[in-house]
Amino acid sequence: MGPALHPSLPVLCVVRWKIVLVCQALFVLTYALAVPLVMYAIGPDGTAYIQQAKFFALGDLWEAASGYWSPLLSLLSAPLIVAGVDPVIAFRVAQGVAGVGYIGAAIWGTTQIFQLTARGQWIVGLIAAITSAAWSCGLTTPDVAIALFLLLYFPFSASDELLTDWRKAAAAGVFGALAFLAKAYAFPFFLAHFTFCAALRYLADRKEVSLGRALLGWGVGLLAFAIVCGPWIGILSAKYGRFTFSNSGAFNHYQVGIEDFDWHVLYRLQEPAPDRINVWETPEKLQFEDWSPIASKENALRQIRHFKSNARKIVEGFWVFEVLGLFPAGLFVVWVASLAHGPKRPRFLVGWMILTLGIYAGGFMPVAFEIRYMWAVLMPLCLAQLWAFVEELVAQRNEYEFEASAWRRYVPVLFAVYLIFSCSLRPAFYLARDAFSDRASGRVQKQLGSELKAAGIAGPVAMIGDRWQDGLLVSYYADRPYLGKTLETNWDAAEQEFDQFGVQTLIVDSRDPLAEQIGRHGEWELVATSPVMDYELRTYRRTSPQSAD
């Protein structure tokens with residue numbers, strides 16, 4: 001006989017590490033096959049992270065320090081760059097390492113919180129393997145990296161011993177800080193979430209835990225958090241001359257304060273900072289002014305409208321976790337049933353889940369928001385709680401049936417297959433779409449940039465046309481500074497701007513009206529043409545000396 005368990009404690013489900021290893025192997029295989037197809041689709045964010053990694057590789061911590069670009073993935077890339085690996089490949093390897101860790105964290109974290117059986121662990125692990133491979137290939141962002149550490153943090157924040165075992169509180173602080181180093185959003189999220197979790201735990205256990213003990217546990221978690229993330233915050237604060245954990249919020253909030261925001265503040269021609277190849281490496285230096293929602297009635301109404309818009313996006317985000325949009329309704333049923341009929345632990349987890357989903361998703365409401373921000377973090381939690389409820393229903397049905405019915409045997413299996421297929425379908429589709437597109441895969445930009453670099457094309461480079469990102473990537477792979485695109489519609493005005501900034505190379509979208517006019521000016525010579533979908537990217541170099549003006 002096994003050891004007797006206290007009747008108020010749940011029976012612990014053991015993490016099946018064979019399941020973890022199989023799912024991680026599936027990720028590695030999928031990632032290794034897919035990432036070469038989209039290797040160079042790094043986007044503007046990817047160029048900034050890779051440049052940061054190069055500074056780390058050079059040992060230039062001051063230039064690497066950025067309040068906009070968090071350091072974790074760049075730090076993981078730096079040793080490979082030092083060893084001579086191509087920086088883009090090094091960054092992709094770092095993303096792969098984060099993906100492998102994410103799968104282990106997803107299975108371990110959800111099992112600790114929701115007591116998943118082996119079948120539940122397979123569901124979470126397989127979905128995590130497929131979706132994280134798609135996200136890691138298609139996006140050079142830290143979404144998977146922050147999810148990795150938050151999924152390690154969550155079990156401690158939901159632990160019954162959060163306030164009574166200082167090791168649990170300290171572990172919560174450490175993993176919260178590592179999540180911050182992956183993405184700065186974890187800083188305010190941890191402070192709010194950990195505080196509310198400590199309060200919720202105290203309310204649930206106030207008969208057994210004194211207020212002083214609760215405050216001590218909360219303080220230990222905050223102290224551990226501060227110790228781990230403090231050095232990076234100290235470097236940022238010294239660099240910017242004020243307390244700084246991030247400066248991305250101002251620009252993200254600025255965007256939502258402008259009707260029909262069109263990115264002109266970023267796209268227009270402008271000199272990058274010294275030792276930088278484009279202005280997106282240092283977004284905090286862009287010339288914009290944030291706005292206050294309380295400065296006027298109009299601003300307040302604008303912020304309210306944006307809250308409503310983001311609230312719809314957040315709800316949509318939960319709907320699109322899987323094809324039929326079952327998660328919102330399914331979770332509502334789980335929560336109502338647990339509150340009405342469940343024991344103490346499931347009822348506590350309802351409150352914990354509402355806090356977690358609300359704080360994490362709700363924190364994006366004031367600023368520019370994309371649904372991808374919540375997928376990697378919240379999908380495993382929603383999936384695990386929903387499946388744990390299904391397993392509980394099956395277990396209760398078992399008590400009243402002497403023989404296994406067809407319902408009990410086949411319906412859960414079919415539902416599991418549906419979840420794996422449905423939750424993985426959308427990310428896999430996006431990856432396949434990009435892989436078969438020369439532009440979305442980055443192949444055409446990489447090829448053109450490499451050709452221009454080999455030809456010794458001069459910089460700086462500017463763009464004519466709407467494809468600002470194409471111009472940036474071509475310039476990046478040509479290893480030439482990129483100034484942005486002209487916003488002028490008249491050739492004479494555009495040429496004046498090119499002269500003012502000393503533009504030596506132009507990348508021209510063939511669909512732009514100025515594309516036909518440039519051919520009539522002998523000071524620009526066509527040196528390369530790259531077909532992209534239904535248009536061309538044409539590269540011109542300056543042949544005549546610049547005027548003194």
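This is a predicted model: local features need pLDDT of at least 70, side-chain atom pairs count only at pLDDT 80 or more; totals for chains, interfaces and linings use all residues.

**Stop 1**

Select E536 and R538 and show their side chains. They meet in a salt bridge, with N and O 3.0 Å apart. Are these two residues buried or exposed? R538 has a relative accessibility of 17%, so by the cut-off of under 20% it counts as buried. E536, at 27%, is partly exposed.

**Stop 2: D499 and R542**

Next, select D499 and R542. Their closest N and O atoms are 3.1 Å apart, and the two form a salt bridge. Colour by secondary structure here: D499 sits in helix α20 (residues 491-501) and R542 in strand β5 (residues 535-542), so this pair ties together parts that are 43 residues apart in sequence. Both D499 and R542 are buried.

**Stop 3: the two domains**

Turn to the place where the domains meet. There, 21 residues of domain 1 are in contact with 20 residues of domain 2. The size of an interface is often given as the accessible area lost when the parts come together. For domain 1 and domain 2 that buried area is about 1,900 Å², with 67% of it on carbon and sulfur atoms. On the domain 1 side, select Y40, Y267 and L269: these residues lose the most area to domain 2, and together they make up 38% of what that side buries.

What kinds of polar pairing cross this interface? The count of salt bridges between domain 1 and domain 2 is zero, while six residue pairs are in polar contact across the interface.

Highlight α2 (43-58) and α12 (264-267), each of which supplies at least two residues of the domain 1 side that touches domain 2. The largest share of that side, six residues, comes from α2. Sorted by class, the domain 1 side that touches domain 2 has twelve nonpolar, six polar and three charged residues.

**Stop 4: S70 in its loop**

Select S70, which is in the loop between α3 (61-64) and α4 (72-82). Its relative accessibility is 7%, so S70 counts as buried. Show A184 as well: its backbone nitrogen lies 3.1 Å from a polar atom of the S70 side chain. Setting aside residues up to four places away in sequence, S70 touches Y49, Q52, F180, L181, A182, K183 and A184.

**Stop 5: along helix α17**

Draw helix α17 (residues 406-435) and select C423 within it. C423 is buried, with a relative accessible area of 1%. Which residues surround C423, leaving aside its neighbours within four places in sequence? They are I127, T131, F321, E322, F327, M379 and Y418. For a distance check, pick the C-alpha atoms of C423 and A105: they are 18 Å apart in space and 318 residues apart in sequence.

Staying in helix α17, select P412. P412 is buried as well, at a relative accessible area of 4%.

**Stop 6: more charged pairs**

Side chains of opposite charge can pair when their charged atoms come close. The model has 22 salt bridges in its count. One of them joins E298 and R302, with N and O 3.2 Å apart. Both residues lie in helix α13 (residues 297-319), four residues apart, which is about one turn of the helix. R302 is buried, with a relative accessible area of 14%.

How values were computed:
Residues are numbered from 1 along each chain as its sequence is written. Side-chain values use heavy atoms; hydrogens and water are left out. Contact means heavy atoms within 4.5 Å. Buried area is the accessible area (1.4 Å probe) that two parts lose on being put together, summed over both. A salt bridge is a side-chain nitrogen of Lys or Arg within 4 Å of a carboxyl oxygen of Asp or Glu. A polar contact is a pair of N or O atoms within 3.5 Å; within protein, one must be able to donate a hydrogen and the other to accept it, and residues adjacent in sequence count only if both atoms are side-chain atoms. Ala, Val, Leu, Ile, Met, Phe, Trp, Tyr, Cys and Pro count as nonpolar, Asp, Glu, Lys and Arg as charged, and the others, Gly among them, as polar. Buried means under 20% relative accessible area, exposed over 50%, partly exposed in between (1.4 Å probe, protein chains only).
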